Amino acid sequence: MRGAILYAPGDVRVEERDRPSLVEPTDAILRLSAACVCGSDLWPYRGVETYDGPIPMGHEYVGIVEEIGADVANVKVGDFVVGSFFASDNTCEICRAGYQSSCVHRVLMGSLGSQAEFLRVPLADGTLVATPGMPEPDLIPSLLAASDVLGTGWFGAVAAEAGPGKTVAVVGDGAVGLLAVLAAKQLGAEQIIAMSRHEPRQRLAREFGATDIVTERGDAGVARIKELTGGRGAHSVVEAVGTQESMMQAIRSTRPGGHVGYVGVAHDVQLPGEELFFSHVHLHGGPAPVRQYLPELIDLIWSRTINPGKVFDLELPLEQAADGYKAMDERSAIKVLLRP
Ligand SMILES: [Zn+2]
C-alpha cells in the first residue's frame with residue numbers, strides 16, 4: 001500500500017509500505033476514506049521535535065472496517081468508523097472518568113501512520129465509533145475533523161468551561177482554534193473572541209460563531225481582550241498553539257476565577273509560579289480525550305447541525321502529501337485533506 005513517511009525535516013515522501021495486518025485479536029484493519037495533515041505533524045516536519053527516522057505519519061482517520069480480530073464485538077466488517085489519535089480500551093478507570101487519551105492501555109496512533117491506504121487500529125472496540133450508516137461524501141471531511149481537530153477544540157472549550165453567559169476567547173487560529181470557536185458556540189457561549197490576524201481565518205471564525213476578532217498578540221492582545229470584557233478578562237480561554245507566548249497570552253486574558261483550556265501541544269512552555277499563584281486562574285488541558293466526545297460529535301455532524309469540515313481548505317491525493325505539508329507549514333492552507 002501507499003503511505004507517507006517523514007525522512008528528515010521538510011522531507012515527506014509517499015512510498016510503498018507493508019499493508020498492515022491483524023496483530024492482536026482486539027485489532028481492526030481499516031481501509032481509509034480520508035486522512036489529513038495535523039498542525040502537530042508540523043513539529044517533527046519543522047525539526048522542532050526529534051525522532052528516529054524514517055517514521056510513518058498521520059494520526060487522524062475515518063474509513064471502512066476491512067477486517068476484525070476474533071475479540072472485536074462493537075464494530076463489524078463494512079462499518080464506516082471514526083477513531084481518534086489515541087487508541088483506548090474505553091473500559092479502564094481512567095477511560096470511564098472521561099480521559100481516554102490517558103487510558104492505561106493507550107496506543108499512540110501516530111506510530112501506526114494514518115496518512116496511508118490502510119491502518120491497523122488497536123483496541124478497536126474501545127477506540128472506534130461507527131456512524132449510523134454509510135456517510136454522504138460531503139460529510140466525510142467533517143467526520144474526519146471529529147477524529148482530532150474538532151474533538152480537540154471541543155475539549156479545549158469544555159476544559160475552559162465555555163457555556164451559557166460566558167465570554168470565551170480563543171488563542172490560535174489553526175483548525176483546532178477555529179473549531180474551539182464552533183464548540184464554544186454549540187456550548188452556548190454568549191461572546192466568542194477569536195484571536196487571528198489572517199483574513200480568511202477570521203471569516204471562518206465568524207462563520208463558526210465568533211462575535212469579535214482580536215488581531216493583536218502578546219500584551220497588546222491581552223489588553224484588547226480586557227477592553228472587550230469590561231476590564232476583567234474572559235471567563236474561558238482556549239489555548240490552541242502550544243508556545244510560551246500563546247500560553248501566557250491565554251492565562252493573562254483570563255479573569256480571576258476563570259478557566260484556561262490548553263490543547264496546543266506545549267513546546268518549551270515554562271509557567272511562572274508566582275504569577276500563576278496570584279492570577280486565580282484554573283488550568284485544565286492536555287491531549288484531548290476525543291473518544292469521549294465522538295458519539296455526540298458524530299450526531300451533530302450526521303444531523304448537519306455543525307459543519308467542521310470547512311476547516312479543510314485544500315484537498316490533495318495522498319500521493320501529494322508533501323505538498324500538503326508544505327502548504328500547512330507556510331500557512332497557505334488551514335488544513336489539508338488527503339485522499340488515499
Ligand atoms: Zn482505558
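Leu-123 is buried, with 25 other C-beta atoms within 10 Å. "Buried" here means that 20 or more other C-beta atoms lie within 10 Å of the residue's own; "exposed" means 12 or fewer, "partly exposed" is in between, and C-beta atoms are placed from the backbone. This is a predicted model, where local features need pLDDT of at least 70 and side-chain atom pairs count only at pLDDT 80 or more, while totals for chains, interfaces and linings use all residues. Residues are numbered from 1 along each chain as its sequence is written.

Back to Leu-123. This residue sits in the loop between strand E9 (118-121) and helix H3 (124-127). Helices (H or I, at least four residues) and strands (E, at least two) are DSSP runs, numbered from the N terminus. Leu-123 is not a glycine, yet its phi is positive, at about 50 degrees.

Asp-268 also has a positive phi without being a glycine, near 55 degrees. Is Asp-268 buried or exposed? Asp-268 is exposed, with 8 other C-beta atoms within 10 Å. Its loop runs between strand E15 (254-262) and helix H10 (273-279).

Now the domains. The domain assignment gives domain 1 (2-148 + 289-339) and domain 2 (153-285); such bounds come from an automatic or database domain assignment. How far apart are the C-alpha centres of domain 1 and domain 2? The distance is 26 Å. The contact between them takes 14 residues from domain 1 and 13 residues from domain 2. Two residues are in contact if their C-beta atoms, placed from the backbone, lie within 7 Å. The side of domain 1 that touches domain 2 has 10 nonpolar, two polar and two charged residues. For these classes, Ala, Val, Leu, Ile, Met, Phe, Trp, Tyr, Cys and Pro count as nonpolar, Asp, Glu, Lys and Arg as charged, and the others, Gly among them, as polar.

Residues 25-123 are 8% helix and 30% strand, with end C-alpha atoms 9 Å apart. For residues 175-301 the figures are 48% helix and 21% strand, with the end C-alpha atoms 17 Å apart.

Next, the core. A nonpolar core is a set of buried Ala, Val, Leu, Ile, Met, Phe, Trp, Tyr and Cys residues joined through C-beta atoms within 7 Å. The largest one has 111 residues, and Val-168, Leu-179 and Val-181 touch the most other members. Helix H6 (residues 175-186) gives the largest share, nine residues. At least three residues come from each of domain 1 and domain 2. Leaving out residues up to four places away in sequence, Val-168 touches Ala-157, Ala-160, Ala-162, Ala-184, Ala-189, Ile-192, Ala-234, Ser-236 and Val-238.

Helix H4 (residues 140-147) is mostly covered, with eight of its eight residues buried; among them are Ile-140, Leu-143 and Leu-144. Helix H5 (residues 149-159) is mostly covered too, with 11 of its 11 residues buried, including Trp-154 and Phe-155. Just after H5, Glu-161 takes a positive phi of about 60 degrees.

In helix H8 (residues 218-228), Gly-221, Val-222, Arg-224 and Ile-225 are buried. Seen down the axis of H8, these buried residues fall within an arc of 160 degrees, so they line one face of the helix. That arc is taken over the directions from the helix axis to the C-beta atoms. The face turned away from the buried side of H8 carries the exposed residues Asp-219, Ala-220 and Glu-227. What do the buried residues of H8 pack against? Their partners are strands E11 (167-171), E12 (191-195), E13 (212-214) and E14 (234-239), and helix H9 (244-252). After H8 comes Gly-230, with a positive phi near 60 degrees.

Last, Val-48. Val-48 is in the loop between helix H1 (42-45) and strand E4 (55-56), and is exposed, with 11 other C-beta atoms within 10 Å. Apart from neighbours within four places in sequence, Val-48 is in contact with Trp-43 and His-267. Val-48 and His-267 are 219 residues apart along the chain, but their C-alpha atoms are separated by 8.6 Å.
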